[in-house]
Amino acid sequence: MVEDDRAREDEWFRANEQQLLEQARVARAKREAERAGAEKAEELKRLRDLHFMKCPKCGHELKEEALEGVKLDRCTFCEGTFFDAGELDQLFLKREEERKGFFRRLVRL
Ligand SMILES: [Zn+2]
């Protein structure tokens, strides 16, 4: 019985976290659209061409990896690991045990 309550409680938090993350995603997309509207399209393209999938630390190529449904970008040189907006949020939705497994695989010992 206690476990049923616990499971229901977990589900309630999970559903509400999903809703909060969705609200955050929508707000983030709106802010980005506002910033994009303020910048000229050609400048946005120039910056994207210059930096897209380049490591912000060392400038080498980033390679996308999928780790348990979460995508991340790892530098092919310094092995720095980066998340796009919203990708880290997905980690917070994972249960504690899943998170531990995720981080163990993330560090690639
Ligand atoms: Zn790097």
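How many disulfides does a search of the whole structure find? The search finds zero disulfides. The notes below concern a predicted model, and they begin with its cysteines.

1. Zinc ligands. Four cysteines coordinate the zinc ion through their SG atoms: Cys55, Cys58, Cys75 and Cys78.

2. Geometry and spacing. The angles among the four donor atoms of the zinc ion run from 100 to 122°, and the site is tetrahedral. Along the chain, the donors follow the spacing C-x2-C-x16-C-x2-C. Cys55 and Cys75 link distant parts of the chain, being 20 residues apart. Cys55 belongs to the loop between helix 2 (41–51) and strand 1 (62–67), whereas Cys75 is in strand 2 (residues 70–75).

3. Are Cys55 and Cys75 buried or exposed? Cys55 has a relative accessibility of 5% and therefore counts as buried. Cys75 is likewise buried, because its relative accessible area is 3%; the cut-off for this class is under 20%. Cys58, with a relative accessible area of 31%, is partly exposed.

4. Three strands form an open sheet in the order 1-2-3, with antiparallel pairing. Strand 1 and strand 3 (81–82) stand at the edges, and each has a single partner strand, so one side of each is left without a neighbour in the sheet. Strand 1 and strand 2 run antiparallel and are joined by six bridges. Lys63 stands opposite Arg74, a residue of strand 2.

5. Helix 4 on the sheet. Which strands does helix 4 (residues 96–107) lie across? Helix 4 lies across strand 1, strand 2 and strand 3. Relative to strand 2, helix 4 runs at about 25°.

6. The hairpin turn. Two residues separate strand 1 from strand 2 in a hairpin. Glu68 is found in the loop between these strands, and this residue has a positive phi of about 50° although it is not a glycine. Most residues other than glycine have a negative phi. At 33% relative accessibility, Glu68 is classed as partly exposed.

7. The next loop. A positive phi also occurs at Glu79, with a value of about 65°, although Glu79 is not a glycine. Glu79 is located in the loop between strand 2 and strand 3.

8. Leu44 in helix 2. Leu44 lies in helix 2. With residues up to four places away in sequence left out of the count, Leu44 touches Ala36 and Glu39. Leu44 counts as partly exposed, because its relative accessibility is 33%. The C-alpha atoms of Leu44 and Glu9 are separated by 45 Å, and these two residues are 35 residues apart along the chain.

Key
Residues are numbered from 1 along each chain as its sequence is written. This is a predicted model: local features need pLDDT of at least 70, side-chain atom pairs count only at pLDDT 80 or more; totals for chains, interfaces and linings use all residues. Side-chain values use heavy atoms; hydrogens and water are left out. Donors are N, O and S atoms within 2.8 Å of the metal (3.2 Å for Na, K and Ca); water is not among the atoms, so sites may look incomplete. Four donors count as tetrahedral if all angles lie between 85 and 135 degrees; four count as square planar and six as octahedral if opposite donors are over 155 degrees apart and all others between 65 and 115; anything else is irregular. Helices (H or I, at least four residues) and strands (E, at least two) are DSSP runs, numbered from the N terminus. Buried means under 20% relative accessible area, exposed over 50%, partly exposed in between (1.4 Å probe, protein chains only). A disulfide is a pair of cysteine sulfur atoms within 2.5 Å. Two strands pair if DSSP finds at least two bridges between them. Contact means heavy atoms within 4.5 Å. Axes are lines fitted to C-alpha atoms, for helices over the stretch in contact, and angles run from 0 to 180 degrees between N-to-C directions.
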